[in-house]
Each structure stands twice: as C-alpha cells, then as structure tokens.
Amino acid sequence: MHPFAIFPTLLSFQILAPFLLRICAGLFVVYLGYKLYKKSYNFAAGIYAICGALVVLGLYTQIVAIISIAMVKFDFYLDYWIERKLKPISYETWILYTVFIIIFLSLIVTGPGFLAFDLPL
C-alpha cells in the first residue's frame, strides 16, 4: 500500500530538489567569496568564486561539494576565531553554516540533479 500524498502530482518534480539545493548552496559559497574579497583575501575569494560557480553549473558536483564543505568550515572558523573578539557569533550563524554543510553532504549523495553538466554514468 502506498502512503497517502496530499499533492501526488508534485512527486514527479522530485528531480528539481537537488537542483534547487545546488543553486542555493552555490550562491552561498559565491557570497562567502565576495565577503572575503572585501576583506582583501583575494586568493581565497577566487577559490570560493570558482567553487561556487562550479556548484551552480553542476560541474564536478561531488568533488566541489567536498571542497565547499571544507571552505564553509574554514570560513566559519575564520569568523569564529578572528572576529569573536569584536562580536560574538550569533546562533543564526551557527545554524546557517550547519544547514549548508548538510546541503553539501546531500549533494554528495544525490548528485547534481536537473540541468547540470555533471551527469551520472
């Protein structure tokens, strides 16, 4: 017996879920790169921008998701250890970084989704 779905026709759009997660997470990494560019960390900002663009395009998604997890953790610890003397890290920031790490972990498992250059073999 199948479980009851309130909107069963929406289940045909389940391939769009990784696509939406990929776009959101990629734009977040690009934003982190822009934030580092304003602090004059140009090399790191370039790496962030390249990884964010690759995630948005869906190219080498699983590899770039692993790299992006490391970069998001690096950015969090950079904010935590360097700027905590100026202002404490808010609870929302902790949650935001945790959610994006979970999104990148799901992209490793599910793949890039719809409209990506990185297609499964």
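Start by selecting Tyr 60, which sits in the loop between helix 2 (42–57) and helix 3 (61–82). Keep in mind as you look around that this is a predicted model. Is Tyr 60 buried or exposed? Tyr 60 counts as exposed because its relative accessibility is 52%, and the cut-off for exposed is over 50%. Now check its backbone: the phi of Tyr 60 is near 55°, a positive value in a residue other than glycine. Most residues other than glycine have a negative phi.

Next, select Leu 115. You will find Leu 115 in the segment after helix 4 (91–110). What is the phi of Leu 115? Here too the value is positive, near 55°, and the residue is not glycine. With a relative accessibility of 57%, Leu 115 counts as exposed.

Now go to the other end of the chain and select Phe 7, in the segment before helix 1. Phe 7 has 55% relative accessibility, so it counts as exposed.

Time to look inside. In soluble globular proteins, nonpolar side chains tend to be buried together. Select Phe 28, Leu 32, Tyr 48, Val 72, Tyr 97 and Phe 104: they belong to the largest nonpolar core, which has 21 residues, and they touch the most other members. Colour the helices and you can see where the core comes from: helix 1 (16–38), helix 2, helix 3 and helix 4 each supply at least two of its residues. Which helix gives the most to this core? That is helix 3, with 7 residues.

Leaving out residues up to four places away in sequence, Tyr 97 touches Phe 28, Leu 32, Lys 35, Val 72, Asp 75, Phe 76 and Asp 79.

For your last stop, pick Lys 35 from that list of neighbours. Lys 35 is part of helix 1. Why does Lys 35 count as buried? Its relative accessibility is 19%, and buried means under 20%. Show what is around Lys 35: with residues up to four places away in sequence not counted, Lys 35 touches Asp 75, Asp 79 and Tyr 97.

Conventions: Residues are numbered from 1 along each chain as its sequence is written. This is a predicted model: local features need pLDDT of at least 70, side-chain atom pairs count only at pLDDT 80 or more; totals for chains, interfaces and linings use all residues. Side-chain values use heavy atoms; hydrogens and water are left out. Helices (H or I, at least four residues) and strands (E, at least two) are DSSP runs, numbered from the N terminus. Buried means under 20% relative accessible area, exposed over 50%, partly exposed in between (1.4 Å probe, protein chains only). A nonpolar core is a set of buried Ala, Val, Leu, Ile, Met, Phe, Trp, Tyr and Cys residues joined through side-chain atoms within 4.5 Å. Contact means heavy atoms within 4.5 Å.
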